[in-house]
Amino acid sequence: MNHIHIDSVADIFFQVGWTSELARHTDAYAARGVNFWRDLFPRRLRTSLEDKQAGDQLSIDFSPEELFRNGQSRSIQTFNRAQFDPNLIGKPGLKPLYGRFYPKGLLRDVTGVFSANIQPFRCVDVNDRTLKGDLGHPLSERPVSLSVSVGSVGPKFEERGGGMRDWIETICDGVGMQAPWMGRPTDFFEGNPFARQDESADREFYAKPRLVQHLDDAALGMIRDLYCRFIKDGMRVLDLMGSWDSHLPAAVRLAQMAGVGLNAYELEKNAQLTDRHVQDLNQDPALDFPDSHFDVVICTVSVEYLTDPISVFSEVARILRPGGRFVVTFSNRWFEPKAIAIWKELHEFERMGLVLEYFRRSGQFHQLQTYSIRGLGRPVQDKYYMQLPYADPVYAVWGEKI
């Protein structure tokens with residue numbers, strides 16, 4: 001049996017657990033080819049991993065200062081509004097908004113910051129003359145629990161190149177951006193956030209059936225596993241904005257599996273559905289189901305198309321029984337003409353924050369949680385395997401009906 005030592009290479013599954021004022025958060029990363037001779041870890045993590053073998057698990061609680069040093073700790077600075085120059089990144093109309101993230105490269109005349117710097121900073125205050133930004137890591141003030149599962153462990157037969165990887169930097173890249181600053185809601189709704197390139201009727205755009213999967217099999221498997229946490233035999237479930245595949249295990253036996261979607265042919269091809277409803281939620285968000293009817297509502301890779309999400313989330317709450325859950329999953333792929341403007345402006349982790357705000361504004365959910373997973377290998381049979389070695393990331397937000 002191979003044990004981890006300085007000349008080992010291993011696959012390790014990391015999960016960062018933390019809480020904000022609004023929700024509980026879990027962010028996972030599947031690290032492949034971890035090199036224990038040259039890669040970087042916090043000292044306590046490296047020591048804890050020594051002599052571990054495949055199948056071993058451990059959990060370590062870290063204070064913020066253990067993980068985020070060397071310029072990553074909270075750093076609030078005040079800038080003149082003229083220093084916020086979106087022309088430097090080719091986005092002349094971009095405005096600083098409270099709680100939002102922007103690349104540091106659009107800050108002019110800041111020591112140590114160059115125009116090519118895409119690291120995010122957060123706008124924490126803004127007026128006509130000045131802007132305050134936090135240039136530190138968005139998790140830098142929060143304690144975290146790091147759970148580790150050891151996968152395969154093998155010897156390092158040869159060393160190629162001299163690069164190294166900071167695994168905390170990798171697994172925490174973007175993590176924390178989904179939480180509001182100091183509990184105050186982020187300004188996601190300035191201007192016209194729900195505008196779309198194509199404002200024609202959605203039924204026209206989706207009139208032609210698309211019997212394809214929009215994510216790779218590894219990502220879809222993670223979504224299926226996530227839904228299995230909440231969906232059990234005998235439940236009533238609604239697949240909102242559904243299509244020909246509801247991404248549930250074939251073995252589950254439900255009392256009802258309803259589907260609401262835009263294409264009748266796609267819904268008819270979904271053998272798991274017990275009843276089908278063709279409806280454009282952007283034209284009419286009212287759902288034709290009784291109050292407190294469903295145990296779980298799922299929405300898969302579609303929330304980015306809603307132009308009146310708060311009304312839809314409120315309707316979902318109405319048809320859920322108390323204690324029922326609404327689970328929303330998405331990735332970083334969508335139909336460009338129909339995605340709302342704000343979705344395309346945000347960092348991937350900020351999008352979880354936007355969906356959290358939908359839940360919060362509906363006023364009918366609690367026990368909010370987010371989940372993300374990145375770093376999985378793309379299946380070799382996937383058509384993008386040669387161009388994209390990593391599977392599509394999966395992001396999820398869910399809440400429980402009050």
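By buried I mean under 20% relative accessible area, by exposed over 50%, and by partly exposed anything in between, with a 1.4 Å probe and protein chains only. What you see is a predicted model, in which local features need pLDDT of at least 70, side-chain atom pairs count only at pLDDT 80 or more, and totals for chains, interfaces and linings use all residues. Residues are numbered from 1 along each chain as its sequence is written, and side-chain values use heavy atoms, with hydrogens and water left out.

Let me start with strand β12, residues 294-300, which is mostly covered, since 7 of its 7 residues are buried; strands here are DSSP runs of E with at least two residues, and helices are runs of H or I with at least four, numbered from the N terminus. Strands pair if DSSP finds at least two bridges between them. Strand β9 (residues 236-240) runs parallel to β12 and is joined to it by 4 bridges, with Val 237 standing opposite Val 296 of β12. Strand β13 (residues 320-330) also pairs with β12 in the parallel sense, over 6 bridges, and there Phe 294 stands opposite Leu 320.

Turning to the cysteines, the structure holds 0 disulfides, a disulfide being a pair of cysteine sulfur atoms within 2.5 Å. Cys 299 is in none, as the nearest cysteine sulfur, that of Cys 228, is 18 Å away. Cys 299 counts as buried because its relative accessibility is 1%, and Cys 172 counts as buried because its value is 2%.
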